[in-house]
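Let's take a walk through this structure together, one topic at a time. Please have the viewer open, and turn the model as you read.

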Amino acid sequence: MNEVDDLAVLVALLAECAGGGGRLALISGGLATGKTELLHAFGTHAVESGALVLTATGARTERSLRMGVVSQLFRSAGRAPELFDDAPQDADPGASPLADARVVRDVCGALLRLAENRPLVIEVDDLQFVDTVSLQVLLYLRRHMGAERLMLVLTEWERPGLARPLLRAELTRAPHARITVGPWSERGVAEFLARRFGTRAANGFAVGGYALTGGNPLLVNALVEDQRGRGGESDVDWMAPVVGGAFRQAVLDCLYRWDPEFLTVATSLAILGDCGTAEVLAELSGMSPPGVSRVVDVLEAAGLVSAGRLRHAEITATILGNLQSEQAVRLHVRAAAILYKRGADARDIAKHIVAAGTVPGPWAARMLQHAANQLAVEDPALAVTCLELAMHGCEGEHEQITLRSTIVRIAWRANPSMAAPHLTPLHDKLYAGELSWPDAVPVIRYRLWQGDLVSAASQLQAVYDSQGPADARTTAELRLAWEWVFGSLRDRTAEQVRTVLMATGPVGAPMSPWWRTATLNKRVTRGAGAEVASSAEHILQGCLGDVLPEVGATALLALDDINRRDRARHWCDRLTDEATRRRTTTWRAVLGCVRAELSWRRGDLLAAHTQASTALGLLPAQCWGVLIGLPLSTLILSSTAMGKAGLAAEWLDRAVPEAMFGTAFGARYLHARGNHHLAAGRTLAAVDDLERCGAWVRGRNFDVPPMMPWGSDLAQAYLKLGMRKQAKELAQEQLDRLGSSGSSRLRAASLRLLASCADLTERTALLREAIRLLERSGDRLEMVRALADLSQVHCELGELGHARLVMRNAEQLAHACHARILPAQQGRAPAADRSVREPEPHTAGATLLSKAERKVAELAAHGHSNREIGRKLYITVSTVEQHLTRVYRKLNVSGRTDLSAELLPSRAVH
């Protein structure tokens, strides 16, 4: 029954009373379920219909005050002053310790006389708190109202399983109308909102509002008040209920208004959460299990509890937020002790110890460690917190070292910055020979991620000297992690590292799967596809346990490098879902970078940019270390290819560590920046960055071209400078390195560049072969370039129909992959640099210079310093000096003072 129907019952009962005949209505229900609101609504109607209405409310604090409720009825007689004239003096509650029959009779007589001229309505709210003497008066009225025009309307709250006291039971027996109110249903909430605020509020707010309130009218109204407080009824966003002060206060009012045991049990429920069984609740609250069950039933009837648990996290937060800190600590410690005594799950016990922030004993430290072992996979951040707290209760330095090592290993999965405070103590222990290989690996990895080659190598040697060779798996993972950052170096430091990483003993034999894993990058370069696939799958099947993220990333990219694109995508999606479920943020960040790289290789520019941006935001900048070059390079490349030069420049403005430029990620960053310079017309700057990238790759034996196709972009830059011979040699060199089994997309790019350097009659065949390879690889962006070049060839051959058809395909594909500007044609004359106009040679000596050298020489002749020339041309001072050295040698001059005589440019240089 809803509020409207309940009010109609009372109105009908009043009409019967007015015709002559006493009536009793009993309204019952749980906590804050609308009994009082219904009582007030009926009282208003009764006054409007001409009845005299007297009101009183029982209160827990006034149960010992004799005739307290009767006194309220007398005081409400402001509407009937004559009541005071007829009231006996003995009605004073303090006149006698006990009310005798005469006092009760005289008070009731005075009240009944008020019903002689008009109906009298006596409303008493919260009958359960009414004092005994007032109950006697009400019972007397109940028995003697007979044909009187008197209507008693009483409310009481229901408590399942508890019998009423005798007087109250007698008074409420066989009422003329019994109305039971309870929480509204979801439909009832919607109907209430529709009546008050219209269907918009009802449709949008009902589901979320019901989930928060359980249909409790008090809470629903409080939630509505919070919503309306956001800006007025007509402008409120009813689609998403917002919890505010009114709702929180209403929750506390529900619990504080009645017996203290309600707040005690609700607080225990909030503390225990899912561990709140009846027995544990009873022990924590200090009540009997049956008593707890009865209170829980009442709270459930009120909508605050559902299935034995607090209905909503906001209700839990409100109750916990109301606790004093000392009280909260005491309850959590007690809850942990109770659960420990009952043999509960270590994770449940640990959560209470963590919430308390203290270790009450050795048993608690053990529980924290057991919980951390279980939480390491499902919630690494909580596992770290458990171990950090356990350190306060551990005994002995050796145990502290073990805990710190475990913290660093687990923290790396969630957030590397969480490991930082523990690395310095472990660093000292490492050099003291007190760390095993498993404990030392996270310390070494930290140095790798910071790009600190010397320290990482020194640490590696120190562990080797104290612990001997590592097992095959540790060796393989360290080797791949090392190459992921530094490549295969060719100096003394690398020789030291190789000596350690190759000393794995019998388990490192060539037939071992981990030995094959350790040489994964080498096998990719050799084009050993079947062996690479086997090793990569072996790695990926063990990921998200203790496998390092950089090792998993290497395996994913290796699958793509050997044209196993479907397997790479399958594993990437699967691992990303698992990393999200397990909340391993570092894994998610690295996998996001790999997904972005795979999308870039397919020419899916928008996806690549979105995925790289998301990955970058998962970790703070300081956590990335030198690896920040990985997402940034993809962001720069994708922004540039989409024609968003301004956005690419913003990514280039991001601060990066200087150490990054000594790593593979610095080389990737240089490649991306060079690509951006090339697209912006800053050809010399592009050449500088791309040559530095190539020098790093060649010097570190890291030439896995799909990772950094620097050769293709450098060849394109050479073509823009008119250096056709150098471009052809570079494209052919890259093609030779790839071999017949290398990346089809990189082979296609090399063939396209060779076509740009070849005679017109040879270009068509080279471009068609490139397009065939691109159809296999799925790189849409490179396909756009190849099609555009083929269109140009058809145009130069006079085949205009074919040229238009091919160009239309290129434009459609460019639109599909969000490439906003078609690439410039390699065969056309190079466009002028945006920052410097092309100087024209004036002397015979000037014709000996390349275009890059001539630009530098012109600026020098005009008196610009090397630093100024570098800024204007976006190249380093070292590159300026190298150009000038060649210029002096070719022109046979001794310095820049002689350049003006040799070079008289016909155009101004800006």
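Rings of Phe, Tyr and Trp pair if their centres lie within 6.5 Å, with the six-membered ring standing for Trp. With that rule in hand, you can look for one aromatic cluster formed by Trp412, Tyr446 and Trp449. Please keep in mind that you are looking at a predicted model.

How many aromatic pairs does the rule give? The count comes to 7 aromatic pairs. One of them joins Tyr340 and Trp363, whose rings are stacked, with 4.7 Å centre to centre and 25° between the planes. Tyr340 belongs to helix H16 (residues 325–341) and Trp363 to helix H18 (residues 362–378), so this pair ties together parts that are 23 residues apart in sequence. Trp363, at 16% relative accessibility, counts as buried, since the cut-off for buried is under 20%.

Another pair to display is Trp484 with Phe665, an edge-to-face arrangement with 5.5 Å centre to centre and 70° between the planes. Here helix H24 (residues 472–486) contributes Trp484 and helix H36 (residues 664–679) contributes Phe665, so the pair ties together parts that are 181 residues apart in sequence. Are these two residues buried or exposed? Both Trp484 and Phe665 are buried.

The ring of Tyr210 has the charged end of Arg311 sitting over it, 5.6 Å from the ring centre.

Now turn to the sheet. Which order do its strands take? The sheet is open, its 5 strands run in the order E2-E3-E4-E1-E5, and their pairing is parallel. Strand E2 (52–57) and strand E5 (177–181) are at the edges; each has a single partner strand, so one side of each has no neighbour in the sheet. From one strand to the next, the twist averages 15°. Helix H3 (residues 68–75) packs on this sheet, where it touches E2 and E3, and the direction of H3 makes about 145° with that of E2.

Within the sheet, strand E3 (residues 120–125) pairs with strand E4 (residues 150–157) in the parallel sense over 5 bridges.

Next, move to helix H46 (residues 877–891), where Tyr888 lies. Leaving aside neighbours within four places in sequence, Tyr888 is in contact with Val893, Gly895, Arg896 and Leu899. Tyr888 and Leu899 are 11 residues apart in sequence, and their C-alpha atoms are 8.4 Å apart in space.

Finally, zoom out to the whole protein chain. Its secondary structure comes to 47 helices and 7 strands. Of the 910 residues in the chain, 54% are buried. Among contacts with a separation of 6 or more, 68% are between residues 24 or more positions apart. The accessible surface of the chain is about 37800 Å², and carbon and sulfur atoms account for 51% of that surface.

Methods:
Residues are numbered from 1 along each chain as its sequence is written. This is a predicted model: local features need pLDDT of at least 70, side-chain atom pairs count only at pLDDT 80 or more; totals for chains, interfaces and linings use all residues. Side-chain values use heavy atoms; hydrogens and water are left out. Two strands pair if DSSP finds at least two bridges between them. Helices (H or I, at least four residues) and strands (E, at least two) are DSSP runs, numbered from the N terminus. Axes are lines fitted to C-alpha atoms, for helices over the stretch in contact, and angles run from 0 to 180 degrees between N-to-C directions. Contact means heavy atoms within 4.5 Å. Buried means under 20% relative accessible area, exposed over 50%, partly exposed in between (1.4 Å probe, protein chains only). Accessible areas come from the Shrake-Rupley method with a 1.4 Å probe; for residues, only the protein chains shown count as cover. Rings of Phe, Tyr and Trp (its six-membered ring) pair if their centres lie within 6.5 Å; planes under 30 degrees apart count as stacked, over 60 as edge-to-face and the rest as tilted. A charge sits over a ring if NZ of Lys or CZ of Arg is within 6 Å of the ring centre and within 35 degrees of the ring normal.
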